[in-house]
Amino acid sequence: MAPRLDFSDWWAKENRKGTPVVVKMENPNYSVVEIDGPDAAFRPVEKSRGKNAKQVTWVLLLKANRAVGCVAWLAAVLWALLGTVKKRLIFRQGVAVESEKMGKGRLLFRVIRAFLVTSLVILGFEVVTYFKGWHYFEHPNLHIPQTTDVHGLLHMIYVAWLTFRADYIAPPIQALSKFCVALFLIQSVDRMILCLGCLWIKYKKVKPRIQGDPFKSDDAEGIGCEYPMVLVQIPMCNEREVYEQSISAVCRIDWPKDRLLIQVLDDSDSESIQCLIKAEVSKWSQRGVNIIYRHRLVRTGYKAGNLKSAMSCDYVKGYEFVAIFDADFQPNPDFLKQTVPHFKDNPELGLVQARWVFVNKDENLLTRLQNINLCFHFEVEQQVNGAFLNFFGFNGTAGVWRIKALEESGGWLERTTVEDMDIAVRAHLNGWKFIFLNDVKVLCELPESYEAYKKQQHRWHSGPMQLFRLCLPAIVTSKISAWKKANLILLFFLLRKLILPFYSFTLFCIILPLTMFVPEAELPMWVICYVPVFMSFLNIFPAPKSLPFIVPYLLFENTMSVTKFNAMISGLFQLGSSYEWVVTKKAGRSSESDLLAAAERETKSTNQQQITRGASESELLELTKLKEQQKEVTFTPVKKTNKIYRKELVLAFLLLTASLRSLLAAQGVHFYFLLFQGVTFLLVGLDLIGEQMS
């Protein structure tokens, strides 16, 4: 009789169907038969026996094959994951770390790799000890610490940590926090004074006014002689998206054509973009606009070098004023008539600055938050400083300069990336006055991506510190009054350009998380919550429609303090990143001038014949070549790369850890504040999917 295997019951259970039936015979000489199914009685007797060993072996082999395939699949997935991690973290394939060189800034990844290697080493040691039999209970000679011993050791370590923390860690943190709180209060008082000055201007309706008609002439034969000679400059570099709307808006300025010259200063390194700009300039030149196209082969000095090269032309000597517009700015036709008359009968006036308004301020959350800051900058800071001090930083565009003021101040210099602030400080030291026109507005664009905004803020905060190092001796030795020197050094540079990013980063991004682990240096509630919220309300004061975004604004400003502090340090100590100039990417958003341009394109076919009739054969050939080149231009898609913002990422985890500790310690509002702030940092730091495809 074949031996009965243990697998028969398992096999029968696996193939069991129907309801079991037990049949008993009255005659005890017969055996008892169990029928497992309704058809079991009709099967041969030998088929009702259990499976033999060969069948069971095949079943086991099939299941083993399936298990091996599953393990192989898991191994392949793990190998692919490790390969991806190796490519991204070690070889940096598909990862772009902005504003840093490949050989620098790898500390975070080194820490991660060290932690991973340490974990693997400990795991390997545990495996070896298991197979070697190095267990506590198998070796009675080994000392096994009791629970009381462990508790006593932990208590001793904890007491030592508390003593060390109270004696050596808490005092410097407390001293630094008191210093930052003092700076925070000074800066808050400055903001409050500026807001009070803005309210006074609105209440008294203080603003520069034009007396009478400055262009009116009593002599009938001298019509047009009252209009001064004005030069308009449009510096640009690879501005494919916005060059057309900017040139079109400037060419529509209402000013006598014989007293206006437009310079298109192109620093583009792409031949296709150069051809497009040339075609646009040729189109307006055919319409009678006095416009010139200039291109530099060597782009030295960036924007300052471009403007300096254009001002060196001989024909510029015949002009009295120069208006500057960046490539994304679209002035209204009456811009010069609202700005130039302020120079009349005011020989000490060197600059008239107009306000920016943004065509895409409601595009996304980032543009809304930028609009809050810039509205405060224009309506509060520049308007108050212009009304009471006759000085503010030139914004680099949407302004009209007296050419004599530029020449006496030394002209455009290429020593910093903030050439606009540089020329404004030097002109102020020479006694020239500035006025700000809050009612004259010029359309422009805001950066719509975080990457473009981050690069712009880095340039705006590193340049002033670099300029401060260069201008400090000139400020001290200048002939202006002592209170103007104090305003330049203490308020304009130190308080608003150096102290603001320093205390915001140190206080809210370093000290505040550390206080969760060092309770002896805990900050008061009014520093953490009340004063920052009040200052945020003051910042939103010029843009009341942005009030619903006060919480994201407060958290995002703390997030951007990382970039601003880094830029301030690089500019103050003249690091390599302080000399970087990256053109802010534009999207070319539509405006009223764009709609007018679209209407003109509809009538292009009707007046094209009139233009060609008045043109020479060489001009027609040139226009034909330009049109052909425009058709041949192909836009090759640029592959988007993932971006890792390491500073924001590290700070995000630090703040989240601090918020978790605050929750465990039941710190209340500290937890929610740090949690929201940490989430904000994390959303910025974990931007690993790149920018949105435009």
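A: Let's start with Leu336. Leaving out residues up to four places away in sequence, Leu336 touches Val230, Ile253, Trp255, Leu260, Ala323, Pro341 and Val400, where a contact means heavy atoms within 4.5 Å. This is a predicted model, in which local features need pLDDT of at least 70 and side-chain atom pairs count only at pLDDT 80 or more, while totals for chains, interfaces and linings use all residues. Residues are numbered from 1 along each chain as its sequence is written, and side-chain values use heavy atoms, with hydrogens and water left out.

Leu336 belongs to the largest nonpolar core, which has 87 residues; Ile247, Leu336 and Trp401 touch the most other members. A nonpolar core here is a set of buried Ala, Val, Leu, Ile, Met, Phe, Trp, Tyr and Cys residues joined through side-chain atoms within 4.5 Å. Buried means under 20% relative accessible area, exposed means over 50%, and partly exposed lies in between (1.4 Å probe, protein chains only). Strand 10 (residues 433-444) gives the most to this core, with seven residues. Helices (H or I, at least four residues) and strands (E, at least two) are DSSP runs, numbered from the N terminus. A second, separate core has 36 residues, including Leu183, Phe184, Leu498 and Ile499. In soluble globular proteins, nonpolar side chains tend to be buried together.

Strand 10 deserves a stop of its own, and Leu437 is a residue in that strand. Leu437 counts as buried because its relative accessible area is 6%. Beyond residues up to four places away in sequence, Leu437 touches Pro208, Gln338, Thr339, His342, Val352, Gln353, Ala354 and Arg355.

A salt bridge is a side-chain nitrogen of Lys or Arg within 4 Å of a carboxyl oxygen of Asp or Glu. By the same rule the count comes to 15 salt bridges. Among them, Glu520 pairs with Arg165, the closest N and O atoms being 3.1 Å apart. Glu520 lies in the loop between helix 13 (482-517) and helix 14 (525-540) and Arg165 in helix 4 (residues 147-204), so this bridge ties together parts that are 355 residues apart in sequence. Arg165 is buried at 9% relative accessibility, whereas Glu520 is partly exposed at 32%. Lys202, Arg355 and Glu379 are linked in a network of salt bridges.

Next, a look at helix 7 (residues 302-311), which is mostly covered: seven of its ten residues are buried. The buried ones are Lys303, Ala304, Gly305, Asn306, Leu307, Ala310 and Met311. Their cover includes strand 4 (230-236), strand 5 (260-266), strand 6 (291-295), strand 7 (321-324), helix 10 (403-408) and helix 11 (419-429). Tyr302, also in helix 7, has a positive phi of about 55° although it is not a glycine. Tyr302 is partly exposed, with a relative accessible area of 30%. Most residues other than glycine have a negative phi.

Finally, helix 9 (residues 365-388) holds Thr367, which counts as buried because its relative accessibility is 0%. The side chain of Thr367 reaches the backbone oxygen of Lys361 at 3.1 Å. Apart from neighbours within four places in sequence, Thr367 is in contact with Asn360, Lys361, Asp362, Leu446, Pro447 and Glu448. Asn371 is found in helix 9 too and is buried at 9% relative accessibility. With neighbours within four places in sequence left aside, the contacts of Asn371 are Phe358, Lys361, Leu446, Ala543 and Ser546.

How values were computed. Polar contact = N/O pair within 3.5 Å; in protein donor to acceptor, adjacent residues only side chain to side chain.
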